[in-house]
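Colleague: Please take one part of this model and walk me through it closely. I would like the packing first, then the charged pairs.

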Amino acid sequence: MIRSDDLNSLDPTDLKILLELIRDPRVQIGELSESLGIARNTAQSRMRRLVRSGVLNDGGREVDLEKVGYDVVGFVTLEVTHRELDGVIGALRRIPQVLEVHEISGRGDLLCRVVATDTHNLQTALRSILRTKGVIRTETVLALHTHIPYRTEPLIGRLVDAAETAGATKRAKTQLSPDSPVSQAD
């Protein structure tokens with residue numbers, strides 16, 4: 001399996017590179033090599049290898065958690081005591097496997113995206129969540145496969161199209177306006 005090969009080939013330097021990229025996605029190779037105490041060429045070749053293996057994607061700045069061993073994804077709905085909400089969110093922030101927390105409407109109060117290395121690791125994270133003061137109950141749904149990963153390109157592309165259309169419409173109205181410096185008789 002590719003994942004285990006990737007895990008076997010990641011050493012502490014690779015993991016430190018990943019951590020630095022998460023902390024500062026715009027870090028330059030020179031800064032990265034200096035902060036880690038490695039040669040610039042080493043940092044550059046390691047980055048290339050991480051991108052080639054798929055551990056890094058989206059231009060080499062987004063970590064594929066599945067490739068580094070976190071291939072179990074769960075969505076956990078929490079029902080909480082409302083006066084404890086801030087404390088619950090603070091506690092969730094300290095659980096490394098909790099990637100996101102959203103306050104929701106409908107059934108439950110919070111929705112969390114949680115990752116784990118296996119079901120035992122997930123169970124440990126869920127027990128930590130359940131032990132949190134203010135959590136009344138949880139419901140967990142496991143993701144079996146991701147068909148559409150998190151994305152923003154379609155939305156931003158739509159905004160670009162709308163802005164271009166609005167700009168073209170504004171230019172057309174300006175050209176047809178009687179106040180326009182170019183008269184219609186020209």
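Modeller: Start with helix 3, residues 29–36. The model is predicted. Ile29, Leu32 and Ser33 are buried in this helix. Where do these buried residues sit around the axis of helix 3? They fall within an arc of 95 degrees when seen down the axis, so they line one face of the helix. What does the buried side of helix 3 pack against? Its buried residues pack against helix 2 and helix 4. After helix 3 comes Gly37. The phi of Gly37 is positive, near 70 degrees.

Now the charged pairs. How many salt bridges does a search of the whole structure find? The search finds seven.

Take Arg46 and Asp11. Their side chains meet in a salt bridge, at 2.6 Å from N to O. Arg46 belongs to helix 4 (residues 40–53), while Asp11 is in the loop between helix 1 (2–9) and helix 2 (12–23), so the pair ties together parts that are 35 residues apart in sequence. Are the two partners buried or exposed? Arg46 has 18% relative accessibility and counts as buried. The cut-off for buried is under 20%. Asp11, at 27%, counts as partly exposed.

Next, Arg137 and Glu79. This salt bridge between side chains has an N to O distance of 2.8 Å. Arg137 is in strand 6 (residues 135–143) and Glu79 in strand 3 (residues 72–80), so parts that are 58 residues apart in sequence are tied together. Arg137 counts as partly exposed, at 48% relative accessibility. Glu79 also counts as partly exposed, at 29%.

Then Lys133 and Glu84. The closest N and O atoms of this salt bridge are 3.8 Å apart. The cut-off is within 4 Å, so the pair counts. Lys133 lies in the loop between helix 6 (119–130) and strand 6, and Glu84 in the loop between strand 3 and helix 5 (85–93), so this pair ties together parts that are 49 residues apart in sequence. Lys133 is exposed, with a relative accessible area of 61%. Glu84 is partly exposed, at 21% relative accessibility.

Which residues do salt bridges with shared partners join into one network? The network holds Asp11, Asp14, Arg46 and Arg49.

Conventions:
Residues numbered from 1 in each chain as written. Predicted model: local features only at pLDDT ≥ 70, side-chain atom pairs only at ≥ 80, totals over all residues. Heavy atoms only, no water. Helix = DSSP H or I, 4+ residues; strand = E, 2+ residues; numbered from the N terminus. Buried < 20%, exposed > 50% of the residue type's maximum accessible area, 1.4 Å probe, protein only. Arc of directions from axis to C-beta. Contact = heavy atoms within 4.5 Å.
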